[in-house]
Amino acid sequence: MKASKKPVRPRVPMPVQPPEERIRNFDEVATGYTLEMAAEEAARCLQCKKPKCVKGCPVEVPIPQFIAHLAAGDIDAAYRTLKSTNSLPAVCGRVCPQEVQCEGECILTAKGQPVAIGRLERFVADEYMHRDACGLISGKPECPLIDPHKKVACIGSGPASLTAAGYLAARGCKVTVFEALHELGGVLVYGIPEFRLPKEKIVAKEVNALRELEVDFVRNRVGGKTFSIGELFAQGYRAVFIGVGAGLPRFLGIPGENLNGVFSANEYLTRVNLGRAYSFPDYDTPIIRGRRVTVFGGGNVAMDAARTALRLGADSVHIVYRRTVAEMPARHEEVEHAMEEGVKMQELCAPIAFVSDAEGCLSGVRLQQMQLGEPDQSGRRRPVPVEGSELLLPTDLAVIAVGTRSNPVLLEAEPELDLNRWGYISINNDTGETSIPDVFAGGDIVTGAATVILAMGAGRTAAKEIARRLGCQPDD
Ligand code: FAD
């Protein structure tokens, strides 16, 4: 479809808590569209005949169709359309990097602002009142009959496994999800903070809907330690899906990293989100509430850690990043929100050592200034140290958010699993199958740290193949 010359209306803004209020609570920052706002935004969609937005979505949500149903006021039909390819729309509407996916491809981008597809997705998912769990999972009102002989095990309960479990349960398989932690949802519960993704309202709702479809959840079970894949097959499981994520933190490898007051982002966010450390001593997990906090990294994890520290009462929070804000891999919206809240961006700086006080606690971090040189393999300009340009940033809490690796616990216990040279599981990309027959894998444990929607896409690919092998009802 050709873009017309008429100027387009700007997108309907998302209501948010004002920054000065939201830094005092853990409630959701964006409060969501009203019906009127959603209808107005839906009316901006041009209903392209060959929609580019769909190609920009890793799970190919029929975007114009769900928006058309919404514009016509039919929330049920809009939800069922969304659900036909996306099993967690309330999650994706909140955390997907839409600006580089569906919205990045929207034809209105060339003329101004793209349709706010993510906000509309969130609105429909939040608004839809499911009458039954089957409707919530599959978009179809009728429940399938679960066949107890079609037993499938999922290891890990992040978005990859939840998607695989939902797809299979909706087609009659008896699925059991084994999770190492005591709460279900993977990074959706222990990593992404409540102020971006509510746990009870959104994540628990999706998990409960799976329960009603007879998916069993077994918590506190560590694959490779408390059970093996061989034992699962011996118990009658006919296929296994591995979705254990990439939760092993990377460190900076600089002097002073073991000082009191230096945390990995994994530990920091897990303590706050999963351990509810923000309510210590009502909950048992303590946390250091830094006054001067420094976070290292430029991704979503760094933004989440910095904004969490602010909400825990820090006087100042700096994010130290080797490149500039423009090159940060975090979602634009998260960077904007962090800056509105008062997080200071220390661009073009790299840490070279942590400094302690007389008691062995962190008191500062020595930084070196950088400048941008020639582009590297990733296409981004390489940061190059500026000699003789050190500075000291006073800091009593440091959070390292420079990426993660695969956790070796399950992988070392299953030596027949082929790994790639980065230590992630190798799979057949068409089916998700690993080097062990009928054992599938997907999500961060295959790709390395990526996104929710890619993990979901991988769970769906593997589930489709498992369903085919077990002779389940084919897709409509
Ligand atoms: P995970 O979500 O990591 O889930 C894996 C699960 O497996 C965990 O529950 C873990 O406890 C369990 N497990 C591990 N080992 C075992 C074992 N041996 N036995 C049993 N269970 C095991 N993506 C976005 O798209 N948008 C965002 O805004 C965004 N923000 C993020 C913020 C943070 C702080 C983090 C850490 C990540 C963020 N991501 C974001 C990335 C996204 O969350 C991940 O890509 C996604 O969750 C990966 O899904 P997964 O199912 O592969 O693994």
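Begin with helices α4 and α5, whose crossing is left-handed. This is a predicted model. Select residues 63-71 for α4 and residues 75-83 for α5; the two helices pack at an angle of about 170°, with their axes 7 Å apart. Angles over 145 degrees count as roughly antiparallel, and α4 and α5 are therefore roughly antiparallel to each other.

Show the side chains at this contact next. From α4, pick Q65, F66, H69 and L70; from α5, pick I75, A77, A78, T81 and L82. Sorted by class, the contact of α4 with α5 has six nonpolar and three polar residues, and no charged ones.

Move on to the sheet. Five strands form an open sheet in the order β3-β2-β1-β4-β15, with parallel pairing. Its edge strands are β3, at residues 216-218, and β15, each of which pairs on one side only. Going from one strand to the next, the twist averages 25°.

Check its backbone: phi of D438 is near 65°, a positive value in a residue other than glycine. How accessible is D438? The relative accessible area of D438 is 27%, which makes the residue partly exposed.

The last stop is the loop between α14 and β7, where R276 is found. R276 is not a glycine, yet has a positive phi of about 55°. Is R276 buried or exposed? With a relative accessible area of 15%, R276 is buried, because the cut-off for buried is under 20%.

In the loop between α14 (265-273) and β7 (292-296), also select P281. The peptide bond to look at joins F280 and P281: it is cis, with omega about 10°.

Conventions: Residues numbered from 1 in each chain as written. Predicted model: local features only at pLDDT ≥ 70, side-chain atom pairs only at ≥ 80, totals over all residues. Heavy atoms only, no water. Helix = DSSP H or I, 4+ residues; strand = E, 2+ residues; numbered from the N terminus. Buried < 20%, exposed > 50% of the residue type's maximum accessible area, 1.4 Å probe, protein only. Pairing = 2+ DSSP bridges. Axes fitted to C-alpha atoms, helices over the stretch in contact; angles between N-to-C directions. Parallel < 35°, antiparallel > 145°, perpendicular 65-115°, else oblique. Left-handed = near helix turned anticlockwise from the far one by under 90°. Contact = heavy atoms within 4.5 Å. Nonpolar A, V, L, I, M, F, W, Y, C, P; charged D, E, K, R; others polar.
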